[in-house]
Amino acid sequence: VPIYQYFIKYIHGLLQKHLSQLEEAEGGFDQFTRSYRSFGVQRLPDNSLFFKEWAPAAEALFLTGDFNGWDKFSHPYIKKDFGKWELTLPPRHDRSPAVDHGTKLKVVVHTKQGERLYRISPWAKYVTREEKSVIYDWVHWDPPHPYIQIHPRPKKPSSLRIYEAHVGIASPEGKIASYTNFTTNVLPRIKDLGYNCIQLMAIMEHAYYASFGYQVTSFFAASSRYGTPEELKQMIDVAHSMGIVVLLDMVHSHASKNSEDGLNFFDGSDSCFFHSPPRGEHSLWDSRLFNYSSWEVLRFLLSNLRWWMEEYRFDGFRFDGVTSMLYHHHGAGFSGDYSEYFGLQVDEDSVVYLMLANHILHTLYPDCITVGEDVSGMPALCRGVEEGGLGFDYRLAMAIPDKWIQILKELKDEDWDMGNIVHTLTNRRYGEKCIAYAESHDQALVGDKTLAFWLMDKEMYTNMSSMIPMTAVIDRGMQLHKMIRLLTHGLGGEGYLNFIGNEFGHPEWLDFPRKGNNQSYHYARRQFNLVETDHLRYHQLYSFDRDMNRTEDKYGWLAAPPAFISAKHEEDKVIVFDRANVLFIFNFHPTKSFQDYRVAVEAPGKYKIKLDSDDARYGGHGRLDHNTEFFTEPKAFNGRPNSVQVNMSFFSAASQT
């Protein structure tokens, strides 16, 4: 539609304008995005310390802290143009810096209304909270022996298999787990499972643990509740040594309303980094919204992306809450009509910011991976910026987990609609890559239930022992858990995602310590010990997940063009498709097995079973002989030139090659 073309050209023109303004005013985006080297606190070669802040509404700024006995007036900043403030502290007599590593600081902001506010620098690299305190403290981080990363970044994988993880819950113990625990105990597990990418949640510092990291208070600080910045750097370095890329869950869609330890009211005004209310407030999330049209906000956010890439050597980002950014209505009441993608509802400042972010990241780091969390299906989200797209590499296929939960909630097994399932798994824009997943952290949270829980519920606590015969509920649950995953993996996208613990059917939801549960950590942990317990069936699901990823690694269906679906048989409850020379066969029938069932196939020749959900190792019934060789016949069938006859057990899936 011509009017949509105009809109795309118009937005692209705004991007070009921004880029040329950056060139003119800042010497290009390379310098502009390194502003973390000039703002906050910097140690200069002679060990003097340079402090710089942007506080346009402030009347005066002072620096206080352990270094000056918390004197509120002894160290004033000097006012500069454009709302900037600067201060230089010369070194001590012994040439050491005036502020020691690990000591506390505060910015004292005097407002035009005569208030005195104590603030943390927005550029603070480390903040901590004393046990009895509610508020975080700004801690000067300049260690004498910083961690030096030695392993190069791995190459960008052609098939992305993502392990979505949260450091704090990554242990069976009822406490906040550490970066070091993750390095020692979780990284080898992720490697063994065949994932080549980790998506880390809740790293950017957030005062409220139960916000899952989505109410960020300090954008440049890695959360101190799991350990030090050096320990996070080591964790990423070790992941790189295993050939695993690491993505950061990047929250630039909004910020915490906290003012004492967040960005809100930093300079005493209700704007600064944000739009003034009502535009600057997200009523549903109870948070503040950035003003993406502000030069200094662009400096802050784009430098923030660069900081995590440079300082910690992340390999890319999963951008949270993209739908909320794209539209003035934040996605509420979205109908999906095409006019909504290209009109006044679209927040052009946010769209240009995302295009800028993707353009800069992919120019500076060609192997960088960006994933957009957009539920609206914005066209060209995953097309290059040079084409007028937003420049993301992948989008999350958010309709898929919703579909699985709807089916398990509302339908009996015999009423599953094969065509509807296939439609949801394949309904994506050609040429825009999707990350498919059966469930993520969203489905694991308290108030919802994981797939394992939907399938097996309370029997997971009593009947998962392999010492006793499987009950009907456990049998059905085990088989469908594997089939749902393999079908999603094979058909749903160009990447695959799993949330930590769900690969083995973690028996419980996730609930962080809060008032409503007496600050309990009971549900804020992952019980990896269940996998190590031989007589429990969890290790069977773990083994299937591992072998599914390893099979993909060998044949590369995620990197292949979309599958050809040759059967979605409603009565037989059978789905058949081929992708990357692998033939996938699913029998979702709750009671019927089939002998000599003809299925269509593209490539002629001999086929063998490579992965079988009914294998006894995976808690199946071992009804198929893996030594059987299946030879094709040149009989055209269901749109393919060849076909082959196979046997299928009920509730089972096999991939053959």
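Visitor: At the start of helix 7, which backbone nitrogen does a side-chain oxygen of Asp347 reach?

Guide: That of Asp349, to within 3.2 Å. This is a predicted model, where local features need pLDDT of at least 70, side-chain atom pairs count only at pLDDT 80 or more, and totals for chains, interfaces and linings use all residues. Residues are numbered from 1 along each chain as its sequence is written, and side-chain values use heavy atoms, with hydrogens and water left out.

Visitor: How many residues does helix 7 have, and what should they span?

Guide: The expected span of a helix is 1.5 Å times one less than its number of residues. Helix 7 (residues 348-364) has 17 residues and should span 24 Å, which agrees with end C-alpha atoms 24 Å apart.

Visitor: Which residues of helix 7 are buried?

Guide: Buried means under 20% relative accessible area, with a 1.4 Å probe and protein chains only. Among them in helix 7 are Val351, Tyr353, Leu354 and Ile360. The buried residues of this helix pack against several elements, including helix 1 (2-26) and helix 5 (295-311); contact means heavy atoms within 4.5 Å.

Visitor: Is Ser159 buried or exposed?

Guide: Ser159 is buried, because its relative accessible area is 6%. Ser159 sits in the loop between strand 9 (137-139) and strand 10 (160-166).

Visitor: Which side chain does the side chain of Ser159 join in a polar contact?

Guide: A polar contact is a pair of N or O atoms within 3.5 Å; within protein, one must be able to donate a hydrogen and the other to accept it, and residues adjacent in sequence count only if both atoms are side-chain atoms. Here the partner is Glu552, at 2.8 Å.

Notes:
Helices (H or I, at least four residues) and strands (E, at least two) are DSSP runs, numbered from the N terminus. Buried means under 20% relative accessible area, exposed over 50%, partly exposed in between (1.4 Å probe, protein chains only).
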